[in-house]
Amino acid sequence: MTVLLAQISDLHLDGSEQATERAARVMDHLRNLPRPVDALLVTGDIADHGAPSEYEEAARLLSAPFPVLTCPGNHDVRPAYREALLGEAPGEQPINRLHHVAGAAVLMCDSTIPGRDEGLLDRQTLDWIDTTLAGLPSTTPALIAFHQPPVALHHPLPDSGMLRQPERLGALLDSHPQVVAVITGHAHTAAASTFAGRPLIVGPAVTWTLRMPWEGDRPADRDQPPALAFHVLDDAGRLTTHFRAVL
């Protein structure tokens, strides 16, 4: 069975009209697709300041007739995120969740270091990934999603914004061949590479696009339309990704 996943990232909801309109435009596009997605992945930086009001707005905007799976980014704050988005008591523990979607497993992982731009899959999270994958049938394709990319993809993105110690995740994945792809956000423009022998897909940002050095002096282009990614997983466990601007 083909699995259709959408991905959005870096909404940076801050109460501004622009941020709200861009997120609403993308969600309206997804709700009106002729073939509904099996799930939407939201790979972090949902809020801009981590304020409760920003997560309350996110909960309204992300309401959809399909599952919406989230993980935090470096702008997110775990206690407010837990309370408004997950309906849980506030807490500082990493937010890791397993979701079963149309026969596939999606691990939404917390790669954030509170108060820092760079990311880290800490020992608790790595152990959770390892145990979770080991508990899945070997025939179940799995995708791992988190915020900070584990390898450099965009020249303007400083090393401080990357995932620290990515080799620890790479070594873990060597024991779990059912992982078919790694999916991240954070870089604010779409990219594709490989990591640990799997496709590495970076979803584009909803809020603004990162300009490359050859595109001009402004690093942030807020005039480009918001964008999203579609990930198609076929019966053989092969992933195909399509990027789409939402005009």
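Is Thr184 buried or exposed? In this predicted model, Thr184 is buried, because its relative accessible area is 0%, and a residue counts as buried when that value is under 20%. The residue belongs to strand β9, which covers residues 179-184. Its surroundings can be listed by name. When neighbours within four places in sequence are left aside, Thr184 is in contact with Gln7, Thr43, Phe146, His147, Gln148, Pro149, Pro150, Leu200, Ile201, Val202 and Gly203. Pro204 stands 20 residues away from Thr184 in sequence, and the C-alpha atoms of these two residues are 9.4 Å apart in space.

The next feature to consider is a sheet. Five strands, written in the order β3-β2-β1-β14-β15, form an open sheet whose pairing is mixed. At its edges lie β3 (68-71) and β15 (239-245), each of which pairs on one side only. From one strand to the next, the twist averages 25°. Helix α1, made of residues 17-31, packs on this sheet and touches β1 (3-8), β2 (39-43), β14 and β15. The direction of α1 makes an angle of about 35° with that of β14. Strand β14 itself, residues 227-233, pairs with β15 in the antiparallel sense over 7 bridges. Within this region, Ala227 stands opposite Ala245 of β15.

Attention may now turn to a pair of helices. Two packed helices are described by the angle between their axes and the distance between the axes. For helix α2 (residues 52-61) and helix α3 (residues 78-86), the axes come within 9 Å and cross at roughly 30°. Angles under 35 degrees count as roughly parallel, and therefore α2 is roughly parallel to α3. The crossing of α2 and α3 is right-handed. On the side of α2, the contact is made by Pro52, Tyr55, Glu56, Ala58 and Ala59, while α3 contributes Ala80, Tyr81, Ala84 and Leu85. Sorted by class, the contact of α2 with α3 has 8 nonpolar residues, no polar residues and 1 charged residue.

Which residues of α3 are buried? They are Arg78, Pro79, Ala80, Tyr81 and Arg82. Among these, Ala80 and Tyr81 also take part in the contact with α2. The cover over the buried residues of α3 includes α2, β3 and β4 (97-101); β3 is also an edge strand of the sheet described above. Just after α3 comes Gly87, which takes a positive phi of about 65°.

How values were computed:
Residues numbered from 1 in each chain as written. Predicted model: local features only at pLDDT ≥ 70, side-chain atom pairs only at ≥ 80, totals over all residues. Heavy atoms only, no water. Pairing = 2+ DSSP bridges. Helix = DSSP H or I, 4+ residues; strand = E, 2+ residues; numbered from the N terminus. Axes fitted to C-alpha atoms, helices over the stretch in contact; angles between N-to-C directions. Contact = heavy atoms within 4.5 Å. Parallel < 35°, antiparallel > 145°, perpendicular 65-115°, else oblique. Left-handed = near helix turned anticlockwise from the far one by under 90°. Nonpolar A, V, L, I, M, F, W, Y, C, P; charged D, E, K, R; others polar. Buried < 20%, exposed > 50% of the residue type's maximum accessible area, 1.4 Å probe, protein only.
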